[in-house]
Amino acid sequence: MKKVLEDKATVCITLSNCAAELKEDFYPWIPQVVSVLLPLLKFYSHNNVRKYAVGAMYPLLHSTKLAVENGIAQGESESYFKELSDYIILSVLEALHEEPMTEVCAFMLAELNNCMQISPPLLIEGQLRRIVDEVKHVITESSSRRRKLKERTQNQKTLMLRKVGTVVGTLIKIFKAGFLPFLFDELSPYLIPMWNALYGLALYAVYGGYVFKPFITEAISRINVVITHLRAHERENESVYCTAVLALSKICQFHLESIDSSAQVICSEEELATEETTNRMINILRYPQP
């Protein structure tokens with residue numbers, strides 16, 4: 001039985017490699033391969049089967065996209081690629097929702113992110129809603145298990161949350177201002193502990209231009225929650241704190257003229273920002289990160 005399961009995992013890897021190597025020339029076999037691999041996203045008898053099955057989704061999408069663009073997929077248009085992309089992303093989200101293993105969750109999030117990056121013009125608000133809901137679900141499930149986790153699994157949880165942050169960063173790049181209401185109104189309570197989301201906010205401050213301006217006051221308010229948190233200076237929160245300072249510095253650097261005077265200094269009740277916070281902001285502005 002073990003040999004059979006290992007063979008399934010090997011087949012998933014082989015098909016993924018074939019799609020990656022042959023690119024558009026693999027197109028004739030894509031419908032059949034997709035029909036075989038997608039059910040394996042919920043094959044709970046073997047973790048690696050699920051990992052390698054989802055790992056094949058990006059090569060299959062990429063192969064399809066190239067085939068459509070290069071005219072190899074005769075009779076098919078971009079609508080076919082959109083249909084396949086929708087089907088795969090939905091299937092990955094459904095599998096992610098039911099995935100019991102933290103390590104596999106992290107892998108699925110990474111592949112979801114890859115699939116989103118190859119399909120950005122085709123993503124629609126309905127998919128965005130589903131992705132946002134799944135991000136919240138993954139974080140909630142992860143938090144509920146936190147106290148029961150051993151050190152190795154804690155490391156897997158950290159990796160998974162980083163992948164969540166990567167997905168959020170990709171959504172910011174794809175939807176730009178259209179994603180910010182989701183970020184602030186729905187995801188911020190879940191993402192405050194995650195430095196990746198704050199880093200995504202820093203990137204959006206740099207590259208968002210005028211579309212970021214309506215959200216500046218709200219962004220500063222959210223960053224203030226992190227910087228002034230009672231546990232902000234604890235060792236385990238150092239990365240979060242520093243990234244919040246980075247995000248604030250980028251807003252000041254690129255949008256200073258749009259910041260309300262009352263928001264130009266981060267306050268906690270009636271006290272100004274600490275000297276340590278100020279020094280960190282100055283250092284980041286002096287030596288800006290890319």
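## What the record says

UniProt positions are given here in the numbering used for this chain, feature names are shortened, and annotations may be inferred rather than shown by experiment. With that in mind, the unreviewed UniProt entry lists residues 164-184 and 190-212 as "transmembrane region". Over residues 164-184 the chain is 81% helix and 0% strand, with the end C-alpha atoms 16 Å apart. Helices (H or I, at least four residues) and strands (E, at least two) are DSSP runs, numbered from the N terminus.

Keep in mind that this is a predicted model: local features need pLDDT of at least 70, side-chain atom pairs count only at pLDDT 80 or more, and totals for chains, interfaces and linings use all residues. Residues are numbered from 1 along each chain as its sequence is written, and side-chain values use heavy atoms, leaving out hydrogens and water.

## Helices α3 and α4

Look at helix α3 (residues 47-55) and helix α4 (residues 57-69): their axes come within 4 Å and cross at roughly 20°. Axes are lines fitted to C-alpha atoms, for helices over the stretch in contact, and angles run from 0 to 180 degrees between N-to-C directions. The two helices are therefore roughly parallel (angles under 35 degrees; over 145 is roughly antiparallel, 65 to 115 roughly perpendicular, the rest oblique).

Ala53, Val54 and Gly55 of α3 meet Met57, Tyr58 and Pro59 of α4, where contact means heavy atoms within 4.5 Å. On the α3 side, Val49, Arg50, Lys51, Ala53, Val54 and Gly55 are buried. Buried means under 20% relative accessible area, exposed over 50%, and partly exposed in between (1.4 Å probe, protein chains only). Their cover includes α1 (2-22), α2 (30-37), α4, α5 (78-98) and α6 (102-118).

## The loop between α1 and α2

Lysine 23 sits in this loop. Its phi is positive, about 55°, even though it is not a glycine. Most residues other than glycine have a negative phi. At 36% relative accessibility, lysine 23 is partly exposed.

## Aromatic pairs

Rings of Phe, Tyr and Trp (its six-membered ring) pair if their centres lie within 6.5 Å; planes under 30 degrees apart are stacked, over 60 edge-to-face, the rest tilted. That gives three aromatic pairs. Phenylalanine 26 and tryptophan 29 have ring centres 5.9 Å apart and planes at 40°, so they are tilted. Phenylalanine 26 is buried at 5%, while tryptophan 29 is partly exposed at 46%.

Tyrosine 27 and tyrosine 80 pair edge-to-face, 6.2 Å centre to centre with 80° between the planes. Tyrosine 27 is in the loop between α1 and α2 and tyrosine 80 in α5, so this pair ties together parts 53 residues apart in sequence.
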